Amino acid sequence: MKRSPKDTATSARRISRRALVVGGLQAGVVGMLGWRMRQMQVEQADQFRLLAEENRINMRLIAPARGLIYDRNGRILAENAQNYRIVIVREDAGDVDQTIAKLKQLIHLDEGELERALREMERRSPFVPVTLSDQRAWDDIATVAVNAPALPGITPDVGLTRNYPLGEDFAHVVGYVGPVSDYDLEKNPDPDPLLQIPKFQIGKTGVEAKQEHRLRGEAGSKRIEVNAAGRVMRELGRDEGIPGADLQLTVDQGLQNFVQARLELGLSASAVVMNPQNGDLLAIGSAPSFDPNKFVRGISSADYGELTGNKYRPLANKAVQGAYPPGSTFKMMVTMAALEAGEIRPDETIWCGGYTKLGRRRFHCWKRGGHGHVNLKESLQQSCDVYYYELAQRVGIDRIAETARKFGFGQHFDLPMSAVSSGVMPDKNWKMESYGQSWRVGDSLNAAIGQGYVLATPLQLAVMCARLSTGTAIEPRLIKSVDGVETEIRGGEPLGFDQANLDLVRGGMYAVSNTLRGTGYRSRIDVDGKLMAGKSGTSQVRSVVVRNEDVPWEERDHALFVCYAPYEAPEVAVGVVVEHGGGGSSAAAPVARDILLYALHGGLPPLESYPSSQRQMIKELHDKLPLRREMAGPERSRA
């Protein structure tokens, strides 16, 4: 059948439209392919180049700035200082030995530090930077930078490290930081990823360790391009971490410096200074001390051996770790227990003939000839042992222990310091549980004069004195604020003792320091409005009574003194222990008096505060004390 011209024209038009549609589709596909090829080859070229080279994007942690630590007046105690260091990349250095030899011609390198760096290089990949030397002077950094072309693979670098500008003064309080050790990782089953950062510093002792969770901060991160070999190619971005919290302590820098300087004269001693109104610990001294910066930078074996081999134990914080027989400073506890139990009247006298006989054994008074008839006030004033032997038999150890615990004996205080001791406040149950033995009357007589099983720290002695002065259960406080937010003051409620009984004990302590027959009279304060109340103590470290000057230092008695002032309106309480110092009134009382006066005056006390006969001696003592100049407030910088 022959098609008409009209049908042919229609068919042609249909074919043309199909061709256009097909062609358009083909063109669209080609266009999309072209666009995709351009996108892959141009716009996404870097991404596919990374994939082609088996590169990947890694996340790396950024160590946050550690929180700063200040004293109560805003003076810096622990800061983050710039640490100039010299690093080496083994693969860039070529001949490492030759390159290091060139470096040694330009600057001094510690051989021990260098050996550690070489061992670290052997353990790490050749492209990982290793620190050859840190804590370098700027001149050394400049020298390395100028000679960089001749020192392949060696570059100067800068980071942050902890620094303690006051050195030995706060070593036992603030503590120190150090690199994370295997032990640190083992004792923490779920460690913070920050601890995996090489040479990351964490608190090892003191506030630095106990407040680590606050001071450390939170890690930041950075995105880096790393190739298949693990080599960092470039940094793609970063998010800074959250810095650690700043801590303000209750301690005062000037007072702490004075306390440390004054204690150093006693060879091995400790002291705690406390505000009895709010519990603030104004100073915590332990002598001798040490430089915490040496531990941050890596202490040498020789320096560490010198510290551990020192018989005066500079590494121990004696103020909170040292537990000593409190001696006659414990007699206030026995007095309070007897008064509260109604076992003694203030005007009742007890005869002291020099000893008390129990069975076949004699318990001697420190005064061999005895004190004669003494009442309550005189017993404290003259520290008559026989008086307290009698009270102990009347009252019993359980009531004495119950009273003493309310004043802080045998109590653990939750402070951010290392190894805070609870001491020992024994009773009948304690001895049975500890030794499987019954309590004996002789044990009570020993406890009555702060000997036997009774042990207390200088911190507990200061707390006892503070609570006596106010009649409240005030708790010691070391952290004043965290990031400017004040911490809670705890324990201001009344102890629950009869006010008249507290006044009687305070009157006895006043007589100790301000009457001619008082054991602390020579160390009195000679200015109205600042008179102190105190109590001396001497604790034996051996059973055989021998003169202290006739035995080696380690076998001499400990000397103790507790005090507070002003007597009418207490502002400061002090507890002092001089290890193997001999008599409390001769060795510890003058130290406590000087510390108390400095705290009351807010600086070196005027000579008029002392008895006129002692002023020249005090002036000479003040002149030789290695005191720091008053420090200005810090700039709150983390650099």
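This is a short chat about a few residues in a predicted model.

Reader: Before we start, what kind of model is this, and how are residues numbered?
Author: It's a predicted model, where local features need pLDDT of at least 70 and side-chain atom pairs count only at pLDDT 80 or more, while totals for chains, interfaces and linings use all residues. Residues are numbered from 1 along each chain as its sequence is written, and side-chain values use heavy atoms, with hydrogens and water left out.

Reader: Which side chain does the Asn80 side chain make a polar contact with?
Author: That of Arg162, at 2.9 Å. A polar contact is a pair of N or O atoms within 3.5 Å; within protein, one must be able to donate a hydrogen and the other to accept it, and residues adjacent in sequence count only if both atoms are side-chain atoms.

Reader: What about the backbone oxygen of Arg66, how far is that from Asn80?
Author: That oxygen lies 2.7 Å from a polar atom of the Asn80 side chain.

Reader: Where is Ser383, then?
Author: In the loop between α16 (376-382) and α17 (385-395). Ser383 counts as buried because its relative accessibility is 5%.

Reader: What's phi like at Asp483?
Author: Also positive, about 50 degrees, and Asp483 isn't a glycine. Asp483 lies in the loop between β17 (479-482) and β18 (485-486).

Reader: Okay, what kind of peptide bond joins Ala287 and Pro288?
Author: A cis one, with omega about 0 degrees. Most peptide bonds are trans. Pro288 is in the loop between β12 (281-287) and α12 (293-296).

Reader: And what's omega between Ala565 and Pro566?
Author: About -15 degrees, and that bond is cis. Pro566 belongs to the loop between β20 (558-565) and β21 (572-578).

Reader: Last one: which helix has Arg116?
Author: Helix α5, residues 111-123. Arg116 is partly exposed, because its relative accessible area is 47%.

Note on methods: Helix = DSSP H or I, 4+ residues; strand = E, 2+ residues; numbered from the N terminus. Buried < 20%, exposed > 50% of the residue type's maximum accessible area, 1.4 Å probe, protein only.
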